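Keep the model open as you read.

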Amino acid sequence: MTETTPGWLTSDELEMARARMPILYVEAVPVRVDDSGEVTSVGLLLRIGPDGTVSRTLVSGRVLHHERVRDALLRHLEKDLGPVALPRVPPSLQPFTVAEYFPTHGVTPYHDPRQHAVSLAYVVPVTGDCRPRQDALDLVWFDPREALSEAVRSEMPGGHGVLLKQALAHVGCVG
């Protein structure tokens with residue numbers, strides 16, 4: 001089979017790369033904001049994992065070779081939220097945090113059994129109609145206080161609950 005999409009690795013190539021070096025990701029916490037810029041709701045995706053478990057997650061995905069971070073962020077927002085979500089990517093691409101995922105539990109709050117990954121994390125307001133695509137079952141909007149609840153964050157594996165708490169603290173929403 002001929003690869004026609006530059007930047008993509010085959011499954012075997014990706015597995016080999018994951019075993020040898022950290023992989024760069026972007027993650028986004030989609031939010032709705034009011035006219036004053038305050039966060040009014042937080043969008044969390046509902047997905048079924050490879051093991052059949054249902055969990056809540058954030059928009060997330062790899063940055064491709066020769067792809068700008070801004071373009072990767074927009075690509076994953078469209079992939080997960082749909083083509084008319086109308087995300088407003090910040091003019092400055094300084095992330096609110098850099099999350100390091102390790103295959104070993106306990107090194108950081110973030111865990112990914114497949115790999116060592118470095119993720120640039122952003123809070124991204126969306127103004128359009130969000131319709132989950134790809135492998136997401138649903139997108140549920142939560143009040144920021146509800147999103148910060150232990151009940152919701154406990155449904156987020158791999159440290160995404162910690163990342164969500166950091167994101168909301170970054171925009172002034174504290175529980």
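The second largest pocket in this predicted model has a volume of about 200 Å³. It is lined by 14 residues, and Val31, Pro90, Val123, Pro125 and Val171 are the ones nearest its centre. Sort the lining of this pocket by type and you get 10 nonpolar, 3 polar and 1 charged.

Now turn to the largest pocket, at about 990 Å³. Here 31 residues form the lining, and Arg47, Ser60, Asp112, Arg114 and His160 sit closest to the centre. The lining of the largest pocket splits into 9 nonpolar, 13 polar and 9 charged residues.

What about the interior? The largest nonpolar core has 26 residues, and those with the most contacts inside it include Val29, Leu44 and Leu164. Strands S1 (23-33), S2 (39-48), S5 (97-101) and S6 (117-125), along with helix H5 (160-170), each supply at least two residues of this core. There's also a second, separate core of 18 residues, with Val59, Leu73, Leu77 and Leu139 among them. Pick out Leu44 and you'll find it touching residues including Leu58, Leu139, Phe142, Met156 and Leu164.

One last stop: a search of the whole structure turns up 1 aromatic pair. The ring centres of Tyr101 and Tyr110 are 5.2 Å apart and the planes are at 50°, so this pair counts as tilted. Both Tyr101 and Tyr110 are buried.

How values were computed
Residues numbered from 1 in each chain as written. Predicted model: local features only at pLDDT ≥ 70, side-chain atom pairs only at ≥ 80, totals over all residues. Heavy atoms only, no water. Phe/Tyr/Trp six-rings, centres within 6.5 Å; stacked < 30°, edge-to-face > 60°. Buried < 20%, exposed > 50% of the residue type's maximum accessible area, 1.4 Å probe, protein only. Core = buried A, V, L, I, M, F, W, Y, C linked by side-chain atoms within 4.5 Å. Helix = DSSP H or I, 4+ residues; strand = E, 2+ residues; numbered from the N terminus. Contact = heavy atoms within 4.5 Å. 1 Å grid on protein atoms, 1.4 Å probe; cavity = no way out; pocket = protein on both sides within 12 Å on 5 of 7 lines; lining within 4 Å. Points joined across faces, edges and corners; volume = space filled by probe spheres on them. Nonpolar A, V, L, I, M, F, W, Y, C, P; charged D, E, K, R; others polar. Lists of a residue's contacts leave out its neighbours within four places in sequence.
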